[in-house]
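Dear colleague,

Please find below the sequence and structure that I am handing over to you. My notes on what was found follow directly after them.

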Amino acid sequence: MKKILRYFKPYKSQSFLGPLFKLLEATFELLVPFVVAAIVDEGFGARIGGGYPNADKSFIVWACVLLVGFGLLGFVFAVAAQYFSARAATGVCAGVRKDLFKKVQSLSYKDLDGIGEATVLTRMTGDVDKLQTGINLFLRLFLRSPFIVFGAMFCALFIDPTSFGIFAVTIVVLAAVVYTVMLICMPLYKKSQEKLDKVLLSTRENLSGARVLRAFCQEEDERKTFDKRNGELNKERKFVGALAAITNPLTYVLINLAVIILLYTGAIRVDSGSLSQGEVIALYNLMGQILIELIKLANLIVTVAKAAASGSRIESVLAMQSSLQWEETCEKREEDYVVFDGVGLRYHEGGEAALSDLSFTVKKGETVGIIGGTGSGKSTLVNLIPRFYDVTEGQVRIDGVDVRSKTQKEFLRSRIGVVPQKAKLFKGSIRKNLLWGKKDATDEELKTALCLAQADGVVFEKGGLDALVEQGGKNFSGGQKQRLTIARALVRRPDILILDDSSSALDYATEAELRKALRGLPSTTFIVSQRASSVRDADKIVVLDDGKAVGIGTHESLMQSCEVYREIYYSQYEAEGGSV
């Protein structure tokens with residue numbers, strides 16, 4: 001939890017005032033048994049055995065007024081403590097959530113693949129919420145409960161030293177019970193949160209893939225998978241909940257045993273005249289306060305155990321270092337614009353190579369087509385250019401400089417336009433989505449990009465640039481989303497444009513118009529596609545097969561020299577030698 005503690009720095013005053021006001025409230029609460037004892041002994045005259053006829057009514061009235069005053073002051077202090085504790089807890093967790101989101105944004109694709117979306121979502125929602133609840137309760141009770149428990153014990157020492165032993169033994173036994181339960185429960189809470197990740201993963205997959213599930217009639221299988229994971233989570237939480245629940249009955253049993261012993265010994269000593277009735281009532285009230293506070297403390301420990309488990313899970317993400325480290329220096333080489341030099345990539349250490357021994361050069365302004373079968377490494381290749389993944393062998397150089405050099409850091413993400421394989425729009429408006437490409441783009445620039453992407457008709461149909469885009473762009477068809485994501489990339493007029501199978505949902509006529517428009521751009525363009533028609537006019541075509549380049553050249557040269565390319569080409573036309 002050390003990394004979490006630094007978030008308390010802006011809220012030091014709130015973190016101090018919250019517990020302070022709780023201590024003031026607790027102080028007045030500890031004074032109540034003394035006032036009650038005085039009412040019984042002095043007000044009603046129980047000390048001298050006079051009974052009600054000897055009652056001092058004015059003393060009783062003023063003592064009752066004093067109790068009401070204690071109650072009102074305690075209420076004010078309790079509200080103040082709640083305010084400051086809640087403000088500190090909310091502020092701390094707002095900072096944690098902000099940095100957690102920032103950390104996730106800084107991680108590479110490889111790091112995110114390792115964590116998993118479901119885990120990240122659980123950390124940023126459920127874990128942060130548990131941490132906030134834990135901090136709030138901790139600031140309110142971590143001093144109040146021990147203060148009342150030990151304060152009541154020393155008040156008992158002041159009232160009757162003989163009864164002090166009963167209080168001391170009871171508190172020691174209860175502390176041992178609570179500590180044991182906490183020691184067992186903390187690792188179990190962490191395990192239950194890990195099982196929650198799996199439940200969230202199932203939920204996310206089923207919601208995002210609902211259409212696919214129904215199309216293949218897999219609802220029952222997925223329901224069984226979800227039920228299994230949910231059952232495991234339920235079983236784990238029931239077990240740890242049952243262990244935590246033992247704390248309250250054990251506390252009640254031990255405290256009530258202590259009360260019985262206290263009343264028994266107190267009655268004997270009252271009868272012998274060494275203890276007054278008011279003092280016995282005061283001791284009983286103090287024992288009752290200990291009971292209430294130990295129950296609160298037990299619940300606090302359970303909540304803090306959950307918060308600590310969640311905090312350690314959050315820290316594990318905050319402590320992660322991105323696998324993408326920028327090199328301090330890199331010697332510039334005078335050569336072609338984009339160079340793949342002996343490039344190899346493995347997604348996981350010891351895993352199979354996704355790319356191996358890949359070498360080719362691209363001149364500025366050229367159009368490069370990337371084609372190959374499913375799983376051949378096409379998307380992997382273009383993901384190396386903006387450095388979404390790091391090569392494990394060789395180098396990728398742009399303008400003679402390795403992409404891992406710090407001199408490339410600003411260039412890569414600001415001057416490269418990427419259209420991912422899966423078209424993604426964000427909730428808002430068409431204008432807002434397009435401005436992701438260039439924040440200060442004018443309406444004229446937006447319209448130009450839309451015309452180039454063949455998306456101006458889409459905007460017109462929807463009612464203009466300010467037309468609503470629902471979450472995930474679900475109010476647009478697949479082809480419309482693809483054209484808008486291409487327009488978003490074109491708004492910034494990128495030096496390098498990467499189209500990762502971004503026209504798969506377009507008809508041939510629209511795709512042909514798109515290719516024609518893109519040929520007039522000065523950008524160096526990489527087109528990933530499984531359609532031979534999409535890449536046949538490229539200046540250079542790279543043919544991939546099982547992560548290796550089996551052919552590099554123009555359409556005409558590859559038709560003569562590359563069997564894989566010929567198979568792809570002829571498989572898409574009815575007759576060999578057919579034309580588009």
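**Findings**

Phe 16 is exposed, having a relative accessible area of 54%; here exposed means over 50% relative accessible area, buried under 20% and partly exposed in between (1.4 Å probe, protein chains only). The model is a predicted one, in which local features need pLDDT of at least 70 and side-chain atom pairs count only at pLDDT 80 or more, whereas totals for chains, interfaces and linings use all residues. Residues are numbered from 1 along each chain as its sequence is written, and side-chain values rest on heavy atoms, with hydrogens and water left out.

Phe 16 belongs to helix H2, which covers residues 12-43. Helices (H or I, at least four residues) and strands (E, at least two) are DSSP runs numbered from the N terminus. Together with Leu 20 and Leu 24, Phe 16 makes a nonpolar surface patch of about 260 Å². Patches consist of residues with over 30% relative accessible area and no salt bridge; nonpolar side chains (Val, Leu, Ile, Met, Phe, Trp, Tyr) are joined within 5 Å and like charges within 9 Å. The areas come from the Shrake-Rupley method with a 1.4 Å probe, and for residues only the protein chains shown count as cover.

Leaving aside residues up to four places away in sequence, Gln 14 touches Pro 19, Phe 84, Arg 87 and Ala 88, a contact being heavy atoms within 4.5 Å.

**Salt bridges**

A search of the whole structure finds 21 salt bridges, each defined as a side-chain nitrogen of Lys or Arg within 4 Å of a carboxyl oxygen of Asp or Glu. One of them joins the side chains of Asp 160 and Arg 269, at 2.3 Å from N to O. Asp 160 lies in the loop between helix H6 (144-159) and H7, and Arg 269 in helix H10 (residues 247-272), so this pair ties together parts that are 109 residues apart in sequence. Both partners are buried: Asp 160 has a relative accessibility of 4%, and Arg 269 has a relative accessible area of 18%.

A salt bridge also links Glu 236 with Lys 195, where the closest N and O atoms are 3.9 Å apart. Glu 236 is placed in helix H9 (residues 219-245) and Lys 195 in helix H7, so the pair ties together parts 41 residues apart in sequence. Glu 236 is buried at 12% relative accessibility, while Lys 195 is partly exposed at 22%.

Arg 404 and Asp 402 form a further salt bridge, with 2.9 Å between the closest N and O atoms; Arg 404 and Asp 402 are both buried.

Arg 204 lies in helix H7 (residues 164-208) and is partly exposed, with a relative accessible area of 38%. Which residues does Arg 204 touch, not counting those up to four places away in sequence? They are Glu 117 and Leu 121. Arg 204 and Ala 118 are 86 residues apart along the chain, and their C-alpha atoms are separated by 7.4 Å.

Asp 113 is placed in helix H4 (residues 109-115) and counts as partly exposed at 48% relative accessibility.

**Negative patch and positive phi angles**

Glu 352, Asp 545, Asp 546, Glu 563 and Glu 567 form a negative surface patch. Glu 352 is in the loop between strand E1 (338-345) and strand E2 (355-362), and is exposed with a relative accessible area of 75%. Asp 546 is in the loop between strand E11 (540-545) and strand E12 (548-553), and is exposed at 62%.

Most residues other than glycine have a negative phi. Asp 546, although not a glycine, has a positive phi of about 55 degrees. Gln 454, likewise not a glycine, has a positive phi of about 60 degrees. Gln 454 sits in the loop between helix H15 (443-452) and helix H16 (456-462) and counts as partly exposed at 21% relative accessibility.

With kind regards

Notes. Lys and Arg count as positive and Asp and Glu as negative; His and the chain ends are not counted. The place of a charge is taken as NZ of Lys, CZ of Arg, CG of Asp or CD of Glu.
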